[in-house]
Amino acid sequence: MEERRPILQMRHIHKQFPGVKALSDVQFRLFPGEVHALMGENGAGKSTLIKVLTGVYSIDRGEVELEQKRIVIQGPQDAQAAGISTVYQEVNLCPNLSVAENIFIGREPMRFGRIQWKKLNAAAAKLLEERMHLKIDVTQPLHVYPIAIQQLVAIARALNISAKVLILDEPTSSLDRGEVRQLFDVMNKLKSEGLAILFVTHFLNQVYEISDRITILRGGEFVGEYAASALPRIELVSKMIGKELKLLEELPKQPAAAEKKESGILMEAKSLGKRGAIEPFDLSIRQGEIVGLAGLLGSGRTEAARLLFGADAPDQGSLVIGRGGSAQTPRRAIDNGIAFCSEDRKGEGIIDDLTIRENIVLALQASQGWFRSISRKRQTEIAGQFIEALNINPPNPDQLIKNLSGGNQQKVLLARWLLTDPKLLILDEPTRGIDIGAKAEIQKLVMSLSQKGVSVLFISSELEEVLRVSDRIVVLRDRRKVKELQGDEMSEQSVMKAIAGGGEG
Amino acid sequence: MKHHLFWPVTLLALLLLFNLLYDPSFFSIKIRDGRLYGSLIDILNFGAPLMLVAIGMTLVIATKGIDLSVGSIVAITGAMACMTISKGTDQNSLGLVAMAVIMALGLSLLLGLWNGFLVAGIGIQPIIATLILMVAGRGIAQLITNGQIITLNSGNYKYIGAGDLFRLPFSIFIVAVVFGAAVLLTRRTAIGMFIESVGNKPVASRLAGIRAKSVMIAAYLFCGLCAGIAGLILSSNVSSADGNNAGLWYELDAILAVVIGGTSLNGGRFYLAGTVIGALIIQTLTTTIYVINVSPEITLVVKAFVVLVVCLIQSESFRQAIVSRWKTRRYPAEKETTRHA
């Protein structure tokens with residue numbers, strides 16, 4: 001009987017929000033020395049379960065046991081004291097403090113009431129190097145480093161609080177391949193040291209690569225717990241979605257690539273560049289063409305897109321849209337038919353305080369100016385149309401957007417731009433952190449837009465996705481455009497080769 | 001969820017109720033010389049400048065800004081108007097008064113533009129940018145009046161702040177018009193949505209194509225204009241301009257009124273009607289303190305205490321804390337059982 005005992009056990013967890021049953025009779029267990037993946041679509045209750053575990057929410061009913069002892073977690077402090085540490089999807093550190101301060105905040109080595117800076121910095125540097133294989137200047141403020149590094153720092157911080165249970169909530173969504181590898185090495189090491197890791201991700205590959213066990217939630221309910229090796233991929237997906245899966249069937253490969261070669265050039269950038277962001281590049285996009293922008297994190301994808309939209313000012317080169325249009329500011333770019341969905345949905349996309357309706361009409365209203373206002377009735381009509389067309393949930397135009405799940409927020413942002421009737425839609429990581437169903441919907445939407453003559457610049461870290469939707473793929477590496485691939489040249493291998501950049505510099 | 005005006009209105013009602021119990025004559029309104037008199041009318045009349053300043057302040061705060069210079073603008077516009085009139089040969093001439101009003105309001109727009117330029121154009125933090133004019137403004141007012149307190153003898157000018165229309169003080173109508181204009185401008189056009197958007201998420205708003213700078217400048221312009229009108233009312237009411245004391249501490253009362261009205265200092269959603277009620281709460285409080293004969297040395301302490309209570313009652317987390325305390329005190333066992341159920 002004395003086989004392995006779970007270090008953490010949750011039974012019959014119930015949690016209700018006004019109008020929503022977030023968790024209903026959910027159970028979960030976690031053994032020491034395992035990586036346990038928590039899977040489910042958006043709104044399945046993964047985040048809620050994690051927030052219950054970390055003390056952000058309190059449960060209505062149910063019990064939590066840690067090392068066979070019943071515990072009541074009433075706040076993040078309780079969770080930490082019990083040995084449950086969390087790294088959230090969005091890095092939750094202080095960007096204006098140094099890396100070392102971030103790691104030791106609240107636990108600085110003190111002497112006579114003074115912080116011992118030397119000791120602090122040395123300890124932080126040692127911790128990062130030994131456990132994360134990361135060699136950086138820990139005295140620099142955190143915000144000078146890319147998100148990927150910040151994420152690793154966040155994990156280092158969580159580890160340093162003597163943790164028994166480590167929760168990683170979508171830690172890989174902003175990491176590139178090498179960094180994911182690095183993270184998995186760290187996870188494997190921690191696992192062998194007996195740490196229990198709860199891992200949440202949307203990437204199926206990663207689930208199978210690293211996890212020992214999988215728990216699936218759907219619509220706030222417990223579906224089942226499985227050993228990863230005994231659960232085929234298709235079964236996992238169909239359990240998550242709750243029906244036989246047809247969504248990810250091979251979407252028809254764009255047939256019209258040849259036709260599009262004939263259509264006119266919509267936008268042309270000539271040696272457009274900005275020092276420190278992206279080296280000068282040429283890029284022309286035809287009407288109705290879908291151009292994929294591939295490259296690792298930090299390769300300059302977002303930076304290039306921001307130049308095309310006028311969000312940042314280039315310091316050299318030229319950009320012409322249509323016949324002589326320009327994009328010096330976002331306002332100008334929008335007037336010339338460009339739309340840009342930023343990868344930073346929270347910071348640069350949604351307006352939290354406004355409703356779904358207001359968020360949708362915002363860009364169109366901005367084009368119309370202050371006084372030609374769209375009537376309330378018309379706004380509700382428009383919102384209703386998009387809610388139906390894009391399947392936005394909840395279907396209530398007057399719901400505040402901050403209450404929506406990530407995928408639905410993304411759909412609202414897409415609606416905002418579709419409403420402006422753009423000629424070129426720049427999508428920066430439109431499917432990051434959203435569930436498979438919504439992902440497929442967005443990919444289909446992109447293709448149907450292109451058939452209507454809208455050009456799309458599609459940026460994504462998921463190679464598979466870029467390959468599926470694009471007519472042409474531009475590859476960036478180290479802030480430089482290194483290759484353009486089209487037609488038969490486009491394959492996973494060729495793109496990967498260009499990204500990795502074998503022989504050439 | 002309760003309506004956003006629930007707490008401001010309740011608090012105002014409580015204050016009035018207190019007055020009713022303390023002195024029933026508080027609510028009596030008499031007609032004398034063809035005009036209505038009474039404490040309630042006084043509150044509306046004396047509260048007019050504060051309501052105006054607070055309405056302007058609401059829009060600035062909604063853009064995530066703040067305007068500390070409104071008190072100084074009140075002093076400057078009063079000085080400007082009085083100076084212009086005092087230079088004329090016939091102080092009562094309608095043309096002269098009209099010119100004085102136009103010059104004063106023009107100046108207030110200019111000052112608002114200055115604030116907007118510092119905040120949106122140069123990018124100085126609002127609290128510092130408007131502090132500049134707050135400090136310098138008193139000096140400017142002194143410059144205009146040559147350091148003197150100017151007194152006027154102009155019936156037409158006096159009408160703005162002390163005249164009456166349909167038996168009510170004229171200033172009440174000014175407030176009504178400005179309030180109506182502000183509501184129309186923000187809710188019937190897209191400006192209100194832009195202000196909320198810019199105040200809530202400046203970067204996202206810019207990427208959505210909103211000209212964030214223009215929106216912010218417009219808010220400071222309007223705030224300057226509101227303060228300018230308040231300055232006219234105040235100086236007209238006493239027929240004089242005092243660069244040192246006119247509008248003193250108005251910025252703080254105005255900010256307080258905005259907050260009591262439900263608009264967050266973090267910007268975003270704003271509530272003009274809430275602000276007006278907030279200003280009325282403050283004015284009622286001031287009047288009440290006079291009525292109940294608090295000795296003048298400690299009036300500010302009493303005011304501060306009531307303001308503290310008002311703010312606490314408005315805070316949702318404070319109310320929840322009190323309620324849950326109350327419940328556990330009465331039924332200590334209940335909480336235990338629910339937790340383990």
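Two residues are in contact if their C-beta atoms, placed from the backbone, lie within 7 Å. By this rule Ala62(B) touches Ile195(B), Glu196(B), Gly199(B), Thr263(B), Gly267(B), Gly268(B) and Phe270(B), leaving aside residues up to four places away in sequence. The model is predicted, and local features need pLDDT of at least 70, side-chain atom pairs count only at pLDDT 80 or more, and totals for chains, interfaces and linings use all residues. Residues are numbered from 1 along each chain as its sequence is written, while chains are lettered from A and ligands numbered from 1 in the order in which they are written.

Ala62(B) lies in helix 2 (residues 39–62) of chain B. Helices (H or I, at least four residues) and strands (E, at least two) are DSSP runs, numbered from the N terminus. Is Ala62(B) buried or exposed? A residue is buried if 20 or more other C-beta atoms lie within 10 Å of its own, exposed if 12 or fewer, and partly exposed in between, with C-beta atoms placed from the backbone. Ala62(B) counts as buried because it has 29 C-beta neighbours inside 10 Å.

In helix 11 (residues 250–260) of chain B, ten of the eleven residues are buried. Among them are Tyr250(B), Glu251(B) and Asp253(B). The cover over the buried residues of helix 11 of chain B includes helix 1 (6–22), helix 2, helix 3 (70–87), helix 5 (126–145), helix 12 and helix 13 (299–314) of chain B. After helix 11 of chain B comes Gly262(B), with a positive phi near 105°.

Helix 12 (residues 272–291) of chain B is also mostly covered, with 14 of its 20 residues buried. From its first C-alpha to its last, helix 12 of chain B reaches 29 Å, close to the 28 Å expected at 1.5 Å a residue. The expected span is 1.5 Å times one less than the number of residues. Helix 12 of chain B is followed by Asn293(B), whose phi is positive, near 65°.

Now to chain A. It contains 18 helices and 21 strands, and 47% of its 505 residues count as buried. Chain A is divided into domain 1 (8–241), domain 2 (251–337 + 422–505) and domain 3 (348–421), with bounds that come from an automatic or database domain assignment. Between the C-alpha centres of domain 1 and domain 2 of chain A the distance is 33 Å.

One open sheet in chain A has six strands in the order 17-18-19-15-20-21, with mixed pairing. Two strands pair if DSSP finds at least two bridges between them. At the edges are strand 17 (338–341) and strand 21 (480–486) of chain A, each pairing on one side only. Neighbouring strands of this sheet are turned by 15° against each other on average, direction ignored. Strand 15 (residues 290–294) and strand 20 (residues 472–477) of chain A pair in the parallel sense over four bridges, and Val291(A) stands opposite Arg472(A) in strand 20 of chain A. Helix 16 (residues 436–451) of chain A packs on the sheet, touching strand 15, strand 18 (424–428) and strand 19 (455–459) of chain A, and its direction makes about 150° with that of strand 19 of chain A. Axes are lines fitted to C-alpha atoms, for helices over the stretch in contact, and angles run from 0 to 180 degrees between N-to-C directions.

The loop between strand 18 and helix 16 of chain A holds Glu429(A). Most residues other than glycine have a negative phi. Glu429(A) has a positive phi of about 50° although it is not a glycine. Glu429(A) is buried because 23 other C-beta atoms lie within 10 Å.

Finally, the two chains meet. The contact takes 26 residues from chain A and 23 residues from chain B. Which helix of chain A gives the most to the side that touches chain B? Helix 13 of chain A does, with six residues. The residues on this side of chain A divide into 13 nonpolar, six polar and seven charged. Here Ala, Val, Leu, Ile, Met, Phe, Trp, Tyr, Cys and Pro count as nonpolar, Asp, Glu, Lys and Arg as charged, and the others, Gly among them, as polar.
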